[in-house]
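User: I'd like to learn how to read a few features in this one. Can you walk me through them?

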Amino acid sequence: MRVLIVLTLLAAPLTAQAPGPPPEAVAELPGAGRPVAIEAHQARRNALLDRIGIGVVVVRAASQSDLERLVVQDNDFRQDDYFFYLTGVETPDAWLLLSVTDDGARDVVLYLPKRNPSREQWTGRKLGSGDDAVRLTGIDAVRELELDDLGRDIDIAVSRTSGPLYMTDPAREIGAGSWQGRLKNVVPILDRMRLVKDSVELAVLRRAIYITTEAHKAAMRTAHPGMYEYQLEATIEYTFRNMGADRVGFPSIVGSGPNSTVLHYDVNRRQMEDGDLVLMDIGAEYGQYTADVTRTIPVGGQFTARQREIYNLVLNTQRAALESIRPGVTVRELDQVARSYLARNSGNICGTQSCERYFIHGLSHWLGMRVHDVGDYSLPLEPGMVLTIEPGLYIPSEDLGIRIEDDVRVTEAGYEILSIGAPKTIEEIESLMQSSSRPKTGGSGP
Ligand SMILES: [Mn+2]
């Protein structure tokens with residue numbers, strides 16, 4: 001059963017450099033999840049209502065998965081992103097109703113399922129409607145969910161506005177009320193909002209990213225010839241959980257030697273050899289937000305001359321792209337900067353042609369609640385957007401793949417690298433690997 005904890009995190013944004021230990025302490029309300037950043041969520045709901053002008057919005061929470069039927073290994077509940085974005089509430093099967101009448105009156109109602117003590121003995125305590133829920137969520141109207149009542153409330157809300165009825169997933173919603181002809185999808189509006197992170201989102205993202213950079217350091221301190229990829233994966237994911245991450249944001253990619261050239265390799269079963277590179281593309285998820293940071297390191301602690309040559313080309317390509325980040329630039333333009341850098345600076349590293357032909361994926365994606373977060377890639381960058389910058393070169397004939405990926409926040413003046421804590425230059429990586437007490441050989445195989 002989940003123990004409820006209050007974080008000072010939300011009050012005091014953390015820096016990537018020194019967030020310290022998870023500031024989790026005071027037990028509050030069992031079953032509610034982490035404390036809600038009340039003002040930030042109110043601001044998001046108001047921003048949504050500003051955008052729709054008039055109308056009604058209905059947002060539904062995720063449902064608990066069925067452990068027997070649907071979930072083979074882990075029944076870990078994860079809230080629906082849109083519901084979480086607007087409420088911060090981790091309760092399953094809840095609903096949120098927002099409305100603005102034609103004369104501008106706003107109303108917000110949260111519906112929480114009736115608590116079921118005998119089921120809670122199996123699945124843990126849930127947040128029920130009542131004064132506690134009002135205090136915890138900052139929503140004044142919290143009602144016990146009855147689907148018939150919700151349908152009636154939607155009818156009433158719709159009758160008070162000439163605007164549309166927006167839903168996150170119109171196809172699966174309840175009943176067939178008088179509103180059917182006025183249904184619209186609210187997802188494009190919410191996706192546009194989620195693209196620019198507020199201060200609470202940034203604080204949570206910083207924590208996810210900090211945990212991830214610490215995991216990279218732990219991996220660098222333990223990687224050695226003879227070790228299996230899954231053992232490095234275990235070091236990484238141990239660090240995630242040990243530092244309070246909720247789960248992985250995506251399956252950890254730990255690809256050595258030939259596997260470093262496979263972009264989404266996540267089998268992680270190969271025994272690593274001296275002379276191999278190992279590419280680690282990993283991301284802890286914390287508070288519903290995920291990091292996504294890649295480092296590529298020499299298993300033996302020292303890059304070969306050939307590896308150094310390619311590594312520095314990738315690193316300098318990343319620098320060129322990073323230095324082009326500023327408000328107004330598009331992701332496509334950054335991608336072009338990286339490609340033309342490669343075209344101009346490959347020399348004869350990749351033979352007579354440019355190394356660009358080995359850069360086989362895009363440079364960037366949005367980052368947030370999803371590792372490939374929602375949002376339109378044609379939009380120019382704005383302060384508060386968070387994206388990855390991840391050039392890579394993959395040469396299968398040499399069993400050589402190198403990707404370097406950082407998480408970056410767009411600022412007024414340019415950019416901030418949020419994943420600065422993970423060693424990145426050859427000197428930084430070799431120095432950390434060689435100063436640690438890594439075993440020289442051996443791994444406890446399968
Ligand atoms: Mn990525």
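Analyst: Let's start with burial: buried means under 20% relative accessible area, exposed over 50%, and partly exposed in between (1.4 Å probe, protein chains only). At 29% relative accessibility, glutamate 356 counts as partly exposed. Arginine 339, at 15%, counts as buried. Keep in mind that this is a predicted model, where local features need pLDDT of at least 70, side-chain atom pairs count only at pLDDT 80 or more, and totals for chains, interfaces and linings use all residues. Residues are numbered from 1 along each chain as its sequence is written, and side-chain values use heavy atoms, with hydrogens and water left out.

User: How many salt bridges does a search of the whole structure find?

Analyst: The general idea first: side chains of opposite charge can pair when their charged atoms come close. Here the cut-off is a side-chain nitrogen of Lys or Arg within 4 Å of a carboxyl oxygen of Asp or Glu. The search finds 31 salt bridges. In one of them, glutamate 285 pairs with arginine 247, with the closest N and O atoms 2.4 Å apart. Glutamate 285 sits in strand β10 (residues 284-286) and arginine 247 in strand β7 (residues 247-248), so the pair ties together parts 38 residues apart in sequence. Strands here are DSSP runs (E, at least two residues), and helices are runs of H or I, at least four, both numbered from the N terminus.

User: Is glutamate 285 buried or exposed?

Analyst: Buried, with a relative accessible area of 3%.

User: Which residues coordinate the manganese ion?

Analyst: For a metal, look for donors: N, O and S atoms within 2.8 Å (3.2 Å for Na, K and Ca); water is not among the atoms, so sites may look incomplete. In this model, Asp292 (OD), His365 (NE2), Glu390 (OE) and Glu405 (OE) coordinate the manganese ion at 2.0 to 2.4 Å. Their sequence spacing reads D-x72-H-x24-E-x14-E. Glutamate 390 is buried at 8% relative accessibility, and glutamate 405 is buried at 0%.

User: And which members of the largest nonpolar core touch the most others?

Analyst: A nonpolar core is a set of buried Ala, Val, Leu, Ile, Met, Phe, Trp, Tyr and Cys residues joined through side-chain atoms within 4.5 Å. The largest one has 107 residues, and Leu48, Val57, Leu232, Leu381, Ile389 and Leu393 touch the most other members. Helix α7 (residues 199-222) gives the most to this core, with 10 residues.
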